[in-house]
Amino acid sequence: MMTALLKNQWKIFLNTMRSQPGKNYLSYLVMFIVFAILLYWLSEGIWAIGDSITKPILAGILSYGFLLVIGFIILLGLPQVFKHLYSATDLNLLFTMPIPTRYIFWVKYVQSFAGIPLLVFILYIVPLYVYGIFIGANLLYYPVGLLTLPAVIVIGLSIAYLFNLVLVQIIPASKANEFMTVMSVLSGIFVYLLFMFPNMANDRPLSELILSGLPLFPEWLPVTWASEAIIAASIGSIDFLVPFLMIVVLAAIFMLLTSTLVEKGFRTGWVKLSEGSGKRRKKGITKKSGPKLHHPVIAIGKKEWYAVKRDMREWLVFLPIVFFGFGFVFSGAVSGGMELSDLRGPTEVTWPITQAILLFIYAMFNGQIASSTIAREAKSVWILRILPLSGKDIAFGKLWISWLIPFVVLTLIEIVIGIFFGWTALQLISGIAMKAVITVGISGIGMWLGTIGAKYNPANPQNRLKFGTAFLLFIASYVYLFFALIPYVLLLIPVETMTSAQEFSNEIDGFFGTIAGIVYTVLTWKEASPIIVTVAGILLMLIISIGVAYIFTMLSARKIDQGIEIEMVQNTNSKPLLGKKSSRLY
Amino acid sequence: MENKSIKLTNLTKSYRRHVAVKDLSLEVKQGELFGFLGPNGAGKTTTIKMLTGLLEPTGGTAEIKGIDIWKSPIDAKKNIAYVPDQPNLYPKLTGWDYLEFVASVFRIPKDRFQSKADELLQIFSLTDQANDLIESYSHGMKQKIAICGALIHEPDVLFLDEPTVGLDPKSARSLKNLLRELCDNGMTAFLSTHILEIAEQMCDRVGIIFEGDIIALGTMDELRSSGENADQSLEDIFLELTGGEDQQAIISEISDNGDAK
């Protein structure tokens, strides 16, 4: 039975490869070359620094490397596992056939190795072997490495499976759509804690620990066993056997544990999730307050708001804030008993730093939220096309809501921060007002990029931009911010902080250092003629932000009128990532 | 002069070498319920999509109440509504939210919206589900709310693509009665269907499209009189024109011989 299933998968794979359009082969070739170059550089690096890697240092690198392997497989492999277990299109057929569930499960399990685990395996084994050749390792080193690494990968993959299989039983069917989000958040926190483990267990920074050859992890941790096995094998010592066997046995235990959940977690879970899509949510009795009809521009924004509000996955865009906040509080709590109140400092310092950080976050969110409003239309795109709406109506409707959502969320956070730091009302209000104006521009740019690079993946609704466009958005947001920041600085930062800005720019390099440098220059002008500079600042800020927002929104409107192509990623089993079709808006 | 609600002039759609719709010319009068028939892949949906601004024609023009939908799309769209065969609606809106959205776009006064929405939801038995999210609706319910959305602004011209697919018998009957009543009051309906009884019973005029060409056009009486037998049903006429009779003959042949050697 297993053979038939595996054979079938193999045939599907072959047919998928054969039916690829020619340009896909080219992209595979490019990917292969990039990957080969990366491996070459890695190997070159190892060859260059091989001499300075002593055994204790190697132990640290190996064990942390194994931790990274587990972490990456959990984080990046989780959506793949979810797809294999619950959203593969062939499950509908397979579950109606007389095939034991465990067979289907194990085929899916084997399938999951092709992907992130395989990539991780190559990225780890090649440098490991290069190092082995460099130090002239004992012959044992190679087979032990070759078997230990898959064992670690099996542990990581099994954890990813366990996450899916356990959570599917806990999360109610009515939350089926949000299942992936909950899992991503929990696994993200889990992996974050995993990576933080060496920091938590030791007082010194990770890089220092590795370089000094001090043990990163306690001996009872499996990653330590794996690293011990490889190090012992490199010198041909029989001591490799115990830790090697321990890691292999552990991998077997993990697989066994996963298999115990197959019936409840896999088949019943799949049934539950399939039922979940047909859920009924009563929103209460028919509204009594009467209809709420609005101007079309407001109506478009409102329907976008409903789509965001009612789908937990849409809020995933704000996840970095959660991690940022979590990391901030958590690292504060574990670093030698530091208290939050210790962070309080003079408002002249906390205010501008917070403003810079918030602007950085705005640049990250606004463009992303605005751009995703285009691809969100997906299969419902015909509605806007059929309604008597101009591109301008649609663009402005999407603009105001995609600007307002991050503004409200971040303003609430800013108020809390402001109260905590004890800012004056003027500081708080002026900061919020300036950011309100500046961020419209980012939303405008984001939406325009959304119109030129929209992509919709039903399995991953957060992924709404083509890769190149997403990268462009990232760059464009910060370039815009950089220019929009000039009048911001002109207006808000008092002349008295000139010295601090100068010191800050001298002390810190990179993005923030450059900004501090600009601040200093502008403040010298402001000191010379404050009124002119302030008026010029207001005008310049309005021109830049409103102007950029208007130009890009009009460009978006024109693009909408001309026709937008939303690349629809097909969520099928045979062409998981490359199969696509387009949906056009106008 | 009769008022033309829909006018197609040499409407053509080609995909590279394949011509899906060939030089289609057709007029539909105001208040007419026009049935657009044809086998799978004949070009029905392509034609409707060109008429509703969803698909750009390769050639020819499509006018709604004298307005070219591709030259003045907004003005033309103010007069139309469309119910697709697969109603992909906004999953995260409730049925009521969706109707409010459509009403907002068409700037319908609140009181008129309230009474019209209540009336339509009642007709299609959706009153109790109006505040459920559309993602929870069955295919038939989605179809019904799409029809409600299309009728909420009392369009002059309504396009329906296979509107009865997925509807329960009661809703299908309600739709038929409603369409007839609305057309009697001046609305024009252009509907594509596979269910020939619907076309036969309801439509004022019928057009049969085959491989992108209109091969028959007229009232039921006109179609019958043009055929071999005046007692022919629409199904007979349809099969005769679209080659279904040959397939019927093959099926009979196979049955007669007992096997399909």
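The contact (heavy atoms within 4.5 Å) involves 41 residues of chain B and 40 residues of chain A. This is a predicted model, in which local features need pLDDT of at least 70 and side-chain atom pairs count only at pLDDT 80 or more, while totals for chains, interfaces and linings use all residues. Residues are numbered from 1 along each chain as its sequence is written, chains are lettered from A in the order in which they are written, and side-chain values use heavy atoms, without hydrogens and water.

**Buried area**
- Between them, chain B and chain A bury about 3,800 Å² (accessible area, 1.4 Å probe, lost on being put together and summed over both), with 60% of it on carbon and sulfur atoms.
- B:Tyr90, B:Lys92 and B:Asn131 supply 18% of the area that chain B buries against chain A, more than any other three residues.

- The interface holds 2 salt bridges, a term for a side-chain nitrogen of Lys or Arg within 4 Å of a carboxyl oxygen of Asp or Glu.
- A salt bridge joins the side chains of B:Asp97 and A:Arg310, at 2.7 Å from N to O.

**Surroundings of B:Ile134**
- B:Pro91 lies 43 residues from B:Ile134 in sequence, yet their C-alpha atoms are 4.9 Å apart in space.
- Beyond neighbours within four places in sequence, B:Ile134 is in contact with residues including B:Leu89, B:Tyr90, B:Pro91, B:Tyr98 and B:Lys142.

Notes. Buried area is the accessible area (1.4 Å probe) that two parts lose on being put together, summed over both.
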